[in-house]
Amino acid sequence: MKTLFYSLCFGAMFALFPITVNARNQIINKDTFVVARDGTGDFRNIQDAIHSIRAFRPQHTVVFIKNGMYKEKLILPTWANDITFIGEDKEKTIITWDDHANINDMGTFRSYTFLIQGNGVTFENLTIENAAAPLGQAVAAHIEGDRIIFRNCRLLGNQDTIFTGRESYRQYFENCYIEGTTDFIFGLSVCWFENCTIYCKKDSYITAASTPQNQPYGYIFDKCRVVPAKDITKLYLGRPWRQYAMTLFMNCELPESIVPQGWHNWGKEENEKTVRYMEYNNSGPGAATTQRVGWSKILTAKEARKYTIKNVMKGCDGWSPLQ
C-alpha cells in the first residue's frame with residue numbers, strides 16, 4: 001500500500017509540474033544545479049531546475065544560471081526554501097516575460113515575470129524583467145517570501161516593477177538597479193534598499209507603500225541614487241497606496257526633478273493623517289526640504305539612529321541579510 005501511495009503522490013506531482021525526463025532524473029539530493037540555454041548545464045530552463053529541488057530539503061541549494069535570455073514566467077513555490085540563484089553576469093543573465101494587467105483582464109497580481117513564494121532566497125548577478133509595453137501594470141518581481149535578498153541585480157519594468165506582497169515579510173536589496181514609471185516599488189513588506197540606483201522613466205511616483213498600521217517599518221532607502229530619464233521634471237518620492245504607508249529616504253542623492261513638495265497624498269486628505277513619510281540627510285538639488293508637505297517629517301540625527309539594517313530586518317527571529 002505504501003508503494004502505491006508514493007507512486008500516486010509522485011505521479012500527481014509530475015502531472016501538476018510537467019518537466020523533462022532529464023529533469024525528473026535529477027531529483028536527487030544535489031546541492032548545485034546549472035541552468036544553460038545551450039544545453040551545457042543540468043537544465044535548459046530555470047523552472048525545470050526549480051521543480052527538481054526536493055520540497056523542504058534541509059540543505060542549501062544553489063542554482064547557477066549561465067548567460068542567456070530566459071523567456072519564462074516563473075514560480076518559486078512555498079516549499080522551495082533556502083536557495084541562492086546566481087547569474088553569470090547581471091547584464092547577460094536575463095529572466096524576462098511580457099504580461100501586463102490588461103491582457104485578458106489578467107490584473108496586476110498575475111502579470112509577474114517571477115513569483116517568489118519561498119523563504120530564505122537570494123538572487124545575485126541577474127536581471128528580472130517585465131518587457132511588456134507600457135499598456136498597464138506589469139510586475140517583474142512579485143515577492144511573497146520572507147528573508148529575500150537581491151544583490152547586484154537589475155529589476156526592469158514600467159508601472160509596478162516590484163511588488164512586495166506580504167505583511168511583515170522582509171526583503172533586502174543591495175547594489176541593485178531598479179527602473180520603472182509609476183508606483184514601481186509598491187506593497188506591504190518591510191524592505192531595505194542599500195546603495196541602489198532608482199531609475200525613473202516617467203514624471204510620476206517612485207513608491208506606493210501600503211504598510212499596515214501595526215508594522216513599524218515599510219520602505220527604507222539608504223545611500224541610494226535617484227536618477228531621472230531625460231526630460232523628466234516632476235517626480236514624487238511616494239504616494240500612499242493605503243493609509244499608514246511608511247517610506248524613508250536617508251543619505252540618498254535626489255535629483256532636481258523631485259518636486260519641492262516631495263510627497264503626494266493620492267488625492268485623499270485622510271491619508272495625510274496617517275502616512276509616515278520621512279527624510280534624513282539627503283543630498284543633491286532635489287533634497288531641499290523647505291517646501292516639503294507639512295505631513296511629512298524631516299528626522300533629527302537622534303531619530304534617524306534607530307533606522308539600521310539590524311533593527312529593521314531582525315523581525316522576531318533576529319535575521320540579518322548581512323550574515
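User: Why is arginine 147 called partly exposed?

Analyst: Its relative accessible area is 26%. Buried means under 20%, exposed over 50%, and partly exposed in between, taken with a 1.4 Å probe on protein chains only. Since 26% falls between those limits, arginine 147 is partly exposed. Please keep in mind that this is a predicted model, where local features need pLDDT of at least 70, side-chain atom pairs count only at pLDDT 80 or more, and totals for chains, interfaces and linings use all residues. Residues are numbered from 1 along each chain as its sequence is written, and side-chain values use heavy atoms, leaving out hydrogens and water.

User: What makes arginine 147 and aspartate 146 a salt bridge?

Analyst: The term asks for a side-chain nitrogen of Lys or Arg within 4 Å of a carboxyl oxygen of Asp or Glu. Here the N to O distance is 3.7 Å, so the pair qualifies. Aspartate 146 has a relative accessible area of 9% and is therefore buried.

User: How many salt bridges does the whole structure hold?

Analyst: A search finds 16 salt bridges. One of them joins the side chains of aspartate 31 and arginine 57, at 3.6 Å from N to O. Aspartate 31 lies in the loop between helix H2 (21-25) and strand S1 (32-35), and arginine 57 in the loop between helix H3 (46-52) and strand S2 (61-65), so this pair links parts of the chain 26 residues apart. (Helices, H or I with at least four residues, and strands, E with at least two, are DSSP runs numbered from the N terminus.)

User: Are the two partners buried or partly exposed?

Analyst: One of each: aspartate 31 is partly exposed at 43%, while arginine 57 is buried at 6%.

User: Why do arginine 154 and glutamate 91 count as a salt bridge?

Analyst: Their N to O distance is 3.4 Å, so the pair meets the criterion. Arginine 154 sits in strand S12 (residues 154-156) and glutamate 91 in the loop between strand S5 (83-87) and strand S6 (93-97), 63 residues apart.

User: Which residues touch the most other members of the largest nonpolar core?

Analyst: Phe85, Phe123, Phe150, Phe173, Ile178 and Phe193 do, in a core of 62 residues. H3 supplies the largest share, three residues. A nonpolar core is a set of buried Ala, Val, Leu, Ile, Met, Phe, Trp, Tyr and Cys residues joined through side-chain atoms within 4.5 Å. A second, separate core of 17 residues includes Ile220, Met250, Met278 and Ile309.
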